[in-house]
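Here is a briefing on a single chain. Read it with the sequence and the model side by side.

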Amino acid sequence: MNRGDEIIEQRTFNVTITAEGFVHFKFKPDMFVELEDVLESYEIYKSLTEIKKRKVLIEFSKFTSVSNEGLKFSATSDLDSIAEAIVINTLPQRITARFYTKVNTKNHPVQYFSSKNEAINWLKNI
């Protein structure tokens with residue numbers, strides 16, 4: 001996949017590589033993300049990063065939520081990346097982010113943002 005030229009569309013999210021070289025996961029609005037969706041996102045990331053690690057931008061739309069199983073897998077499985085910037089929009093997403101942070105076992109920095117621009121700026125400076 002070349003930068004910005006292809007979007008991989010899945011049931012709950014779309015994936016692309018941005019002009020900056022980030023792997024961008026954008027979750028669709030009003031979705032309930034199951035463990036299978038999370039596993040699928042990890043497999044797609046692995047296929048896009050066979051040669052080198054990348055920075056990851058994860059953008060949740062309003063009213064998108066993740067199952068407990070999906071959260072637990074995400075929190076305890078290490079995505080082999082340089083850094084993760086996660087954009088969250090709602091109070092329930094913030095509460096979920098607090099849980100994720102407490103059980104997070106990542107070997108790279110993970111930061112939460114309320115705007116996509118802030119997240120991109122942070123990733124650029126990592």
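**Briefing: strands, a loop serine and a helix**

G21 takes a positive phi near 95° in the hairpin of strand 2 and strand 3, which has 5 residues between the strands. The model is predicted.

**Whole chain**

- The chain has 4 helices and 8 strands. Their order along the sequence is β-β-β-β-α-β-β-α-β-α-β-α.
- The radius of gyration is 13 Å, close to the 14 Å that the globule rule gives for 126 residues, so the chain is as compact as a globular protein of that length.
- Along the principal axes, the C-alpha atoms fill a box of roughly 35 × 30 × 25 Å.
- Of the 126 residues in the chain, 48% are buried.
- Among contacts with a separation of 6 or more, 70% come from residues 24 or more positions apart.

**Strand 3 and its two partners**

- Strand 3 spans residues 23-27 and is mostly covered, with 4 of its 5 residues buried.
- Strand 2 (residues 13-17) pairs with strand 3 in the antiparallel sense, over 5 bridges. I17 has V23 of strand 3 as its bridge partner.
- Strand 5 also joins strand 3, here in a parallel arrangement with 4 bridges. H24 is bridged to L57 of strand 5.

**Strand 7 between strands 5 and 8**

- Strand 5 (residues 55-59) pairs with strand 7 in the parallel sense over 5 bridges. V56 finds its bridge partner in E84 of strand 7.
- Strand 8 (residues 110-113) also pairs with strand 7 in the parallel sense, over 4 bridges. The bridge partner of I86 in strand 8 is Y112.
- How many residues of strand 7 are buried? The count is 5 of the 5 (residues 83-87), so strand 7 is largely enclosed by the rest of the structure.
- The cover extends to both faces of strand 7. A83, A85 and V87 are buried on one side, and E84 and I86 are buried on the other.

**S67 in its loop**

- S67 sits in the loop between strand 6 (65-66) and helix 2 (68-76).
- Is S67 buried or exposed? S67 has a relative accessible area of 3%. The cut-off for buried is under 20%, so S67 counts as buried.
- The S67 side chain reaches the backbone nitrogen of G70 at 3.0 Å.
- Leaving aside residues up to four places away in sequence, S67 touches F32, V33, E34 and L35.

**Helix 4 and its cover**

- Helix 4 runs over residues 116-124, and its A119, I120, W122 and L123 are buried.
- These residues cover an arc of only 160° around the axis, which puts them on the same side of helix 4.

How values were computed
Residues numbered from 1 in each chain as written. Predicted model: local features only at pLDDT ≥ 70, side-chain atom pairs only at ≥ 80, totals over all residues. Heavy atoms only, no water. Buried < 20%, exposed > 50% of the residue type's maximum accessible area, 1.4 Å probe, protein only. Helix = DSSP H or I, 4+ residues; strand = E, 2+ residues; numbered from the N terminus. Pairing = 2+ DSSP bridges. Polar contact = N/O pair within 3.5 Å; in protein donor to acceptor, adjacent residues only side chain to side chain. Contact = heavy atoms within 4.5 Å. Arc of directions from axis to C-beta. Rg over C-alpha atoms; globule rule 2.2 N^0.38 Å.
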